[in-house]
Amino acid sequence: MQTNLAHHIQGSPEWLAYRKTKIGASDAPIIMGDSPWKNIVELWKEKCTIDATTRATSKLMQRGIDLEPVARSFYIDLTHNFVAPAVLDHPSIEFMMASLDGITYDRKTAVEIKCAGAKDHATAVNGIVPKKYYAQLQHQIEVAGLDDIDYFSFDGNAGVIVNVKRDQAYIDKLLAEEAKFWHCVTNLIVPTTMQKHHEVENEEWHAIAREYKAASHQLKQLEEKQAELRNRLIILSNNRNSSGSGICVTHCTRRGSINIERLIAEEKIDVEIYRSADVSFWKITDHIE
């Protein structure tokens, strides 16, 4: 899984170039639409260019780079898991790799180190991994073939561990999204940005949302009741057109539908030239899609 090549030395020019030929763990949150720093189109442009340079290192990023060896020592002292950095390739998926901050020699225990700011560190203290890192951790678990991974949040003085278990349902979705993204990279197709929803912290919103869900539930019950009564009326009509109390039951026929897909395929019709302009609208559902 790991080879003794220069591109497996994290931070080296060879490593930077190699990362452009694969999907790394830090790319996963971008692909899943959870990164606050970069969107999927920007990542796609990076992967499709020859230049291996990356964005300039910010003060926060440099702090993380400088503190990582210190944090790793803290983690080792805390857990007695003697870990070292490693770059791994997925054993069967060609486009997947992961640069791990630390993994044991027996490849059974790994750690992802974040030298977090106050907000992210407080989240970890409460036993929660910030959402923006979840895809990265699950990507690492998949590449390394692990059952779990330690998320180690280090504030410069102390650290806290949040153990993250393999989430196979999430990994399956992640693999599907990464495969779609890599298809876009290899075929030079601009990917579609995943739609995300921001969480509204407004009591009026929550009150109306609860009322809307209750109304939707009542409407569904009424529709089910209407369908039941409709069937009973049809049965009582005894296969005859019937009426009473302002209700008519009428037997009707309509022409069969045309198999549009078959027509397009057989006649080789370019339907796009007949397509009208896109229509923008709002959709409300009972859950975040």
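**A walk through the predicted model**

At 0% relative accessibility, Phe154 counts as buried (buried means under 20% relative accessible area, exposed over 50% and partly exposed in between, with a 1.4 Å probe and protein chains only). This is a predicted model, in which local features need pLDDT of at least 70 and side-chain atom pairs count only at pLDDT 80 or more, while totals for chains, interfaces and linings use all residues. Residues are numbered from 1 along each chain as its sequence is written, and side-chain values use heavy atoms, leaving out hydrogens and water.

Let us stay with Phe154 for a moment. Seven aromatic pairs turn up in a search of the whole structure (rings of Phe, Tyr and Trp, the last by its six-membered ring, pair if their centres lie within 6.5 Å; planes under 30 degrees apart count as stacked, over 60 as edge-to-face and the rest as tilted). In one of them, Phe74 and Phe154 make a tilted pair, 4.8 Å centre to centre with 50 degrees between the planes. Phe74 sits in helix H4 (residues 59-79) and Phe154 in strand E4, so the pair ties together parts that are 80 residues apart in sequence. Helices (H or I, at least four residues) and strands (E, at least two) are DSSP runs, numbered from the N terminus. Phe74 is partly exposed, at a relative accessible area of 36%. Ring pairs also link Phe74, Tyr75, Phe152 and Phe154 into a cluster.

From here, step across to strand E3. Five of the five residues of E3 (residues 110-114) are buried, so the strand is largely enclosed by the rest of the structure. Ala110, Glu112 and Lys114 point one way from E3, and Val111 and Ile113 the other way. E3 pairs with E4 in the parallel sense over four bridges (two strands pair if DSSP finds at least two bridges between them), and Ile113 has Phe152 as its bridge partner in E4. E2 and E3 run antiparallel, joined by two bridges. They form a hairpin with five residues between them, and Arg107 in the turn has a positive phi of about 65 degrees.

Finally, visit helix H3 (residues 40-48), whose buried residues are Ile40, Val41, Leu43, Trp44 and Lys47. Seen down the axis of H3, these fall within an arc of 160 degrees, so they line one face of the helix; the arc is that of the directions from the helix axis to the C-beta atoms.
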